[in-house]
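I opened this entry to note what I looked up. The structure comes next, then my notes.

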Amino acid sequence: MNNMFDLSGKVAIITGCNTGLGQGMALALAQAGADIVGVNRSVPSETAALIEKTGRRFHSVIADMSKIETADLAIKEAISTFGKVDILVNNAGIIRRNDAIDFTEQDWDDVMDLNVKMVFFMSQAFAKQVISQKSTGNIINIASMLSYQGGIRVPSYTSSKSGVLGLTKALANEWAQKGINVNAIAPGYMETNNTEALRADENRSSEILGRIPAGRWGTPDDMAGPIVFLASDASRYVHGYTIAVDGGWLAR
Ligand code: NAP
């Protein structure tokens with residue numbers, strides 16, 4: 001059997017890959033054979049070094065993913081460097097914590113703009129390019145457990161990630177027939193900067209750990225298999241689905 005998970009010759013754009021889950025997924029895609037375009041606010045030196053070690057190429061785009069013009073810029077840079085795009089991972093995301101009663105417009109807009117509005121406009125720019133290339137493409141959005149649950153003191157984050165789950169289905173409906181697979185991964189509780197405050201809170205941290213059937217927090221490595229699956233031909237008939245990578249959290 002040919003290796004359906006082989007990404008040799010593919011070009012993947014990934015947003016927010018200087019650290020955390022984005023770094024883990026960029027490395028996994030490179031190990032499967034893809035060249036990587038990383039879109040970050042700061043130079044992702046560690047990620048670049050890890051990818052170059054695999055023998056794949058890495059191109060860095062320094063831009064703010066919450067600005068609408070970044071979508072076209074990222075595609076333009078990918079095309080001028082590698083000539084085409086095949087895979088998009090919408091990973092960059094932020095979280096703001098406060099009681100709903102005190103939540104500010106700023107904390108609402110910052111999170112919604114990056115976590116869901118830009119997932120749409122980045123996907124739109126990618127899909128236009130794939131259609132003009134007359135090729136096929138794979139979009140993978142990063143959702144959350146809070147695509148399914150309410151969360152505690154994170155109303156804009158929950159709204160944005162619930163939006164990502166719906167948007168994944170909406171785009172799959174329109175673009176499956178154009179040869180673009182749109183799916184998502186919903187990570188559970190993973191050890192990254194995003195969960196630093198949560199892990200520092202002893203009560204919340206032990207409550208969370210006690211509820212994870214796998215008995216541990218996830219790591220960026222745990223995203224490797226699922227991201228390669230959704231980026232590759234192995235998932236060619238999978239459209240609009242969000243896979244939980246959560247150590248069994250949702251099964252509880
Ligand atoms: P992280 O370590 O905080 O990484 C977030 C990434 O997004 C970083 O690379 C960050 O860059 C980037 N980013 C933030 N704002 C940006 C902007 N305006 N422009 C460009 N890049 C920006 O957190 P993570 O856990 O790996 O999160 C990755 C994704 O997984 C997010 O969408 C998050 O919501 C989701 N997620 C995480 C968990 C978890 O338990 N960790 C669970 C469910 C979902 P800087 O380093 O420059 O800030």
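I looked up where α1 and α8 touch: M25, A28 and L29 in α1 meet A224, I227, V228 and A231 in α8. Contact here means heavy atoms within 4.5 Å. By class, this contact has seven nonpolar, no polar and no charged residues; Ala, Val, Leu, Ile, Met, Phe, Trp, Tyr, Cys and Pro count as nonpolar, Asp, Glu, Lys and Arg as charged, and the others, Gly among them, as polar.

I noted that the model is predicted, that local features need pLDDT of at least 70 and side-chain atom pairs 80 or more, and that totals for chains, interfaces and linings use all residues. Residues are numbered from 1 along each chain as its sequence is written, and side-chain values use heavy atoms, with hydrogens and water left out.

I then checked the axes of helix α1 (residues 20–31) and helix α8 (residues 224–231), which come within 9 Å and cross at roughly 55 degrees. Axes are lines fitted to C-alpha atoms, for helices over the stretch in contact, and angles run from 0 to 180 degrees between N-to-C directions. Helices are DSSP runs of H or I with at least four residues, strands runs of E with at least two, numbered from the N terminus.

Next I looked up V119, which is found in helix α4 (residues 105–133). V119 is buried, with a relative accessible area of 5%; buried means under 20%, exposed over 50%, partly exposed in between (1.4 Å probe, protein chains only). Leaving out residues up to four places away in sequence, V119 touches N90, L114, N141 and L167. The C-alpha atoms of V119 and S66 are separated by 9.6 Å.
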